Structure formats: structure tokens, C-alpha cells
Amino acid sequence: MLMPDGQNSIIIVGGANMEGWAAGVGSDDLDLIRQAGVLLLQREIPDWVNVQVAQAAKDAGVPVILDAGGMDAPVPGELLSLVDIFSPNETELARLTGMLTETFEQISRAAGACHKMGVKEVLVKLGSQGSALFIEGKEPIRQPIIPATEVVDTTGAGDTFTSAFAVALVEGKPKKECMRFAAAAASLCVQVKGAIPSMPDRKSVMDLLESVQVE
């Protein structure tokens, strides 16, 4: 549901995403996952599927990123224990931890609760406030937004941010640079209507980053 100001509210109809699974993930698919640079998951498919593929990735040394978007239910401990980077927005973080996330201090404490659940890195998407990466035992890394010329549609902005972060991570960029790359991708995303059409290509992201540096 798209609001006049470009904000969105998502209605999920599970359909084939939730029901179209056999008893397990096929061996060919698991082999692909074991050869990947990173495994990016979200919660619009069954948790048991995520657990199975995350275990395969973990056993092969492939980093696992879980975007919290999707199912409005607690994340199973079995899944969290396999995740290297957990990526919620502040609402999802509050729902998972049962803690307030209205201020940065509250968000920090909630991220600390995720650390106690076994997740070492928590990448929180904060909308107009940017993002923050909480690595257990280290100071948070904060990334402001890269302002968009016009906000047309925020649908898919969180997915774009997390996937762009994953791309930069695979390429060996430092975490701060990964967040900046992701912020640029999200900035471009909100300027285009629709979820898939709004996801930018690499050249657009790099051009934006270069223009911001010039300014």
C-alpha cells in the first residue's frame, strides 16, 4: 500500500513462497549455496527452509545475512544461531527483542540483546535516520542517508539496502564502505516507483557516490 508521501505498508500473501516447498531443499540448490560468496535470506519463505540453507552455508564457510522483513513472528533461535549479520529495521528490532527502539540508545540496547541471542553483527535500517551496524564488542558504525532528490516510493528500499550491503561485502569492502554503498543504492531506490524496477544498477550507485564526494 503506497501512501501519498511515498511511505509504504506491506500486505503479504504467502502463496507459493510459503507453500511451494517439497520436504527439503534439493542437493543441487544446496551445492550452489555452498559455492556462494554470501547467502542473503528473508522471512517470506518458511523458517525451516532458511534453517536448512543457512546450515549448508555455515558448514561451507559462506557468510549468512538475514533480513528480518517478512513473517511477523519470532525468529527461531536455531536460525539466529546460523546468522552472521542480522538486518532488521527499528520496528522489527523492537518486535524481536520486546524492547523500545525510539532513540539510538534504545536501539543500541536492543542490538545488544540480539548479540546475547547469538548474532554477532546487527545491521539496523533506520529510515530517514540512516543505518547503524552494531558489532559485538565494538563501537557502532553509523551511516547517514544520502538524501534523495524526491521520495516517490519507499517500497523495496530496505531490501535494496541489505542486498547492496551484501554485494559490497562479497567484494571485500570494509564495513563502513559497505554501508555507504548500500545507502547510495537505497537513495536511488526511493526515487522510482515499484519494488523491482526501483533497484538500481551498479553504475548508477557509483555515479551517485562520486557526485556526493565531489559535493
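Helix α8 (residues 175-189) lies across β4, β5 (131-135) and β6, and runs at about 20° to β6. Helices (H or I, at least four residues) and strands (E, at least two) are DSSP runs, numbered from the N terminus. Angles run from 0 to 180 degrees between N-to-C directions, with axes fitted to C-alpha atoms, for helices over the stretch in contact, where contact means heavy atoms within 4.5 Å.

This is a predicted model, in which local features need pLDDT of at least 70 and side-chain atom pairs count only at pLDDT 80 or more, while totals for chains, interfaces and linings use all residues. Residues are numbered from 1 along each chain as its sequence is written, and side-chain values use heavy atoms, without hydrogens and water.

**Exercise 1.** Find the order of the strands in the open sheet.

*Solution.* Start at β1 and read β1-β2-β3-β4-β5-β6, six strands with mixed pairing. Next, look at the edges: β1 (39-43) and β6 (141-143) each pair on one side only. Two strands pair if DSSP finds at least two bridges between them.

**Exercise 2.** Work out how β4 pairs with β3 and with β5.

*Solution.* First take β3 (residues 85-87): its pairing with β4 (residues 121-125) is parallel, over two bridges, and I85 has E121 as its bridge partner. Then turn to β5, which pairs with β4 in the antiparallel sense over five bridges; here V122 stands opposite F134.

**Exercise 3.** Decide why β4 counts as largely enclosed.

*Solution.* Buried means under 20% relative accessible area (1.4 Å probe, protein chains only). Five of the five residues of β4 are buried, so the rest of the structure largely encloses this strand. Finally, check each face: E121, L123 and K125 lie on one side, V122 and V124 on the other.

How values were computed
Buried means under 20% relative accessible area, exposed over 50%, partly exposed in between (1.4 Å probe, protein chains only).
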